[in-house]
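Hello,

Here is the structure I promised to pass on to you. Please open it next to this message and follow along as you read.

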Amino acid sequence: MTRPAKRPFTKGRQPTRKTAQPPVEAREMEVSITDVGARGDGLAFADGLRLFVPYTVTGDRVRVRVAESDGKGEGVRAELLEVLEPGPGRQTPPCRHFGRCGGCTLQQMDDATYAGWNVGMVRGALERVGLGDVAMEPLARTPAGARRRARFAALKRGKRVWFGFNERQSHRLVDLEECPVLAPRLFALVEPLRTLLNGLLPDGGDADVVLTDLEGGVDLLLVGPRSLDRAAREALVGFEPQRVARINWQPTDRAAAEPVANRRPAFIRFAGVPIQPPPGAFLQASAEGEAALVAAVRDGVGQAARIADLFAGIGTFSIPLAQQAAVHAVEGDEAAVAALGRSVQGLRLTAERRDLFENPLSARELNRYDAVVFDPPRAGAAAQAGTLAGAKVPRVVGVSCNPASFARDARVLVDGGYRLVKVWPVDQFLWSAHVELVGLFER
């Protein structure tokens, strides 16, 4: 059985414009890495070809195998065979799964090189739309062992359950033995979950497991199998009571989550306010990353008295901002809006369910506010950025996990009369080819 590829620490991938390359036959060659691109692959040029070489750093001299290509892509992917001469920023990767696991692809970079790459990705994306001269705050960092949410894949073959993450650009699973980015409480559940699923899954069966480390315990969402019999439900109810606070199951990603066990409250606090997230709800990947983003957003809105928080989720920004201003939170997910609504008592906060991709706030609606915050998914907020560009809101704060879509939306706002004042880069996805940022726009 093949499985859809999992990218457990990201929100998706943006398409890029493709430039044709000459057709090539498979062969080996030696090349020098001139740069590391936005997806974390080293770039090299040889025999008229643009090569993408994973797990390299600028300055590496490497031997690669170039795969056969029909010349229709923007470059040619090459397999790293050997590092002949290491570049100045190379280090020994800390994880034994490096080079196979798709979760981390930049562990070969030493700390200074990796930090510089993060900032460079933000600066480069803005330069491509003519906004590269913006003031840049220092990079906010996330330590190892801080990832509080992950989605794992499990597959049973014979009497063994493979449990972990997919290999990079592959359907094959890496059977997890260690993970330096995960919070220890999550990693401690890997072996117990392997044992549990060995009893739940049939031979050839698969499932996904979403774990979130919350106050009160771990929230566990099991996606698949398609049905649970009585014995399976009893096994889930009895699973690790000292660690797991809540267990939910859904047969597919599109199905509603069904409660299986709810041993004690499991919640997250935003500015001291407890909120119980829906099963599998999106949270910032780490407490440190969340704190950096919230601090930047608060700095960006300044002394605004009326704030709209768009793509608000379960209130990561809405709740902290509501302690200093009147906030209207807008979010498309029904469960997230319901969770936020249960936590607004005593706060100057209202919540609205609305699809901002299909029905963005109009300029007239936006003009009621002194500041607007928007934190869209990875694809960005093209429709909402368009109406913001025509509004007269004094301050707009954009939050993004994708510098490319942020730069596109920023260009729209600037063309509409805003000025990009400052950007805060945030490294929340340690050792991955993803960087977050916050940007402040002023009229």
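**What turned up**

Ala291 has its place in helix 5 (residues 287–301); helices (H or I, at least four residues) and strands (E, at least two) are DSSP runs, numbered from the N terminus. Ala291 counts as partly exposed because its relative accessibility is 47% (buried means under 20% relative accessible area, exposed over 50%, partly exposed in between, with a 1.4 Å probe and protein chains only). Between the C-alpha atoms of Ala291 and His97 there are 29 Å, and 194 residues separate the two along the chain.

Before you go on, please keep in mind that this is a predicted model, where local features need pLDDT of at least 70 and side-chain atom pairs count only at pLDDT 80 or more, while totals for chains, interfaces and linings use all residues. Residues are numbered from 1 along each chain as its sequence is written, and side-chain values use heavy atoms, with hydrogens and water left out.

How many cavities of 30 Å³ or more does a search of the whole structure find? The search finds 2. For this, a 1 Å grid is laid over the protein atoms alone, and a cavity is a set of points where a 1.4 Å probe fits but cannot get out; lining residues have an atom within 4 Å of a point. Grid points are joined across faces, edges and corners, and a volume is the space filled by probe spheres set on the points. The largest cavity holds about 100 Å³ of space. It is lined by 13 residues, and the closest to its centre are Cys95, His97, Cys101, Cys104 and Gln107.

Strand 12 (residues 217–223) and strand 13 (residues 244–250) run parallel and are joined by 6 bridges. Asp219 stands opposite Arg246 in strand 13.

Is Asn248 buried or exposed? With a relative accessible area of 5%, Asn248 is buried. Leaving aside neighbours within four places in sequence, Asn248 is in contact with several residues, including Asp219, Leu221, Val260 and Pro279.

Another open sheet has 6 strands in the order 1-5-6-4-3-2, again with mixed pairing. There the edge strands are strand 1 (27–32) and strand 2 (35–36). Strand 1 runs antiparallel to strand 5 (residues 61–66), and 6 bridges join them. The bridge partner of Ser32 in strand 5 is Arg61.

- The peptide bond from Gly224 to Pro225 is cis, with omega near 0 degrees. Pro225 lies in the loop between strand 12 and helix 4.
- Ala271 is not a glycine, yet has a positive phi of about 55 degrees. Its relative accessible area of 38% makes Ala271 partly exposed.
- Trp431, in the loop between strand 22 (419–426) and strand 23 (436–442), has a positive phi near 65 degrees. Trp431 is buried, with a relative accessible area of 13%.

Enjoy exploring!

Methods. Pairing = 2+ DSSP bridges. Contact = heavy atoms within 4.5 Å. 1 Å grid on protein atoms, 1.4 Å probe; cavity = no way out; pocket = protein on both sides within 12 Å on 5 of 7 lines; lining within 4 Å.
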